[in-house]
Amino acid sequence: MSTLSLETLDFVINEPRQARGRQTYDRLLMAAQEILVEGGYDALNSNAIVERAGLTPPAFYRYFPNKLSVLMVLAIRLMEAQNDIFVQRQGVLVENRDQLVQSTLEILTQTIDVTQNFLAGRELLLLMRALPELQKIRCHSRDVMAAFLQAELYPVENEADRHHALTRAALAIELGYATMELLFDTGLRDRDEVLARAAHAIVAIFDDTLPEGMAVS
């Protein structure tokens, strides 16, 4: 399930529909990811991308106006991969607070794994803090998933209550982002402990709104 779309971000790109065009498009994206891993943002430019992909500049500009548009597509793909972890767990029954903490820990762990397995995932995560255009994608993703989390964990009808619930959900997601950034910054040092503490901290955000029997007494 795709949780983000180019249209909702007012982002227009010539994404190909034919198989041959898709292969070229994906080769360009893969080349950009490899360059990010090896040389970082400063090494990324259209000439470097086409050279790495074994293509020509016209092939690049057929789909992308500049390197920023490449990064935006990659950022959307990474956010979709992370968000799908939430979506795939929709409807999972959680009966008590300990189970909620465990479920949160599993989501955090899977999100770290997905980001690690996404080529240049760490680099993109950091760029989504640094570049305003990518910040927009990150914030949009957060808001989409905050609405999803609020509806799953704390459904309300009153608009004022919904606003407060969305704020808590957004805070929980931001804490998840911060946890990932800390782990990547420290080379995943004390990964299990950091993730466990983060899971408890995230659930604590909702303690006074959890159903009776799930909150801390």
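Thr-209 lies in the segment after helix 9 (191-204). Tyr-154 is 55 residues away along the chain, yet the two C-alpha atoms are 7.2 Å apart. Thr-209 counts as buried because its relative accessibility is 15%. Buried means under 20% relative accessible area, exposed means over 50%, and partly exposed is in between (1.4 Å probe, protein chains only).

I noted the ground rules next. This is a predicted model, where local features need pLDDT of at least 70 and side-chain atom pairs count only at pLDDT 80 or more, while totals for chains, interfaces and linings use all residues. Residues are numbered from 1 along each chain as its sequence is written, and side-chain values use heavy atoms, with hydrogens and water left out.

**Overall build.** I found 9 helices and 0 strands. Helices (H or I, at least four residues) and strands (E, at least two) are DSSP runs, numbered from the N terminus. The C-alpha trace spans about 65 × 40 × 30 Å along its principal axes. Of the 217 residues, 45% count as buried. I also checked contacts between residues at least 6 apart in sequence: 72% of them join residues at least 24 apart.

**Two domains.** I read off domain 1 (6-68) and domain 2 (69-205); the bounds come from an automatic or database domain assignment. Their centres, taken over C-alpha atoms, are 27 Å apart. How many residues of domain 1 are in contact with domain 2? I got 25, against 19 residues of domain 2. The domains bury about 1900 Å² between them, 76% of it on carbon and sulfur atoms. Buried area is the accessible area (1.4 Å probe) that two parts lose on being put together, summed over both.

I then looked for charged pairs across this boundary and counted 1 salt bridge. A salt bridge is a side-chain nitrogen of Lys or Arg within 4 Å of a carboxyl oxygen of Asp or Glu. Asp-26 and Arg-77 form a salt bridge, with their closest N and O atoms 3.3 Å apart. On the side of domain 1 that touches domain 2, helix 1 gives the most, with 10 residues.

**Salt bridges elsewhere.** The count comes to 14 salt bridges. Arg-52 pairs with Glu-34 at 3.0 Å between the closest N and O atoms. This pair joins helix 2 (residues 46-53) to helix 1, 18 residues apart. Arg-52 is partly exposed at 35%.

Asp-113 pairs with Arg-191 at 2.9 Å. Asp-113 sits in helix 5 (residues 97-117) and Arg-191 in helix 9, 78 residues apart. Is Arg-191 buried or exposed? Arg-191 is buried, because its relative accessible area is 18%.

Glu-181 pairs with Arg-129 at 2.8 Å. Glu-181 is buried at 13%, whereas Arg-129 is partly exposed at 38%. Both belong to a salt-bridge network that also holds Arg-138, Arg-142, Asp-143 and Glu-174.

**Last stop.** I looked up Gln-82 in helix 4. Gln-82 is buried because its relative accessibility is 3%. Beyond four places in sequence, the residues that Gln-82 touches include Thr-111, Leu-125 and Tyr-177.

Conventions: Contact = heavy atoms within 4.5 Å.
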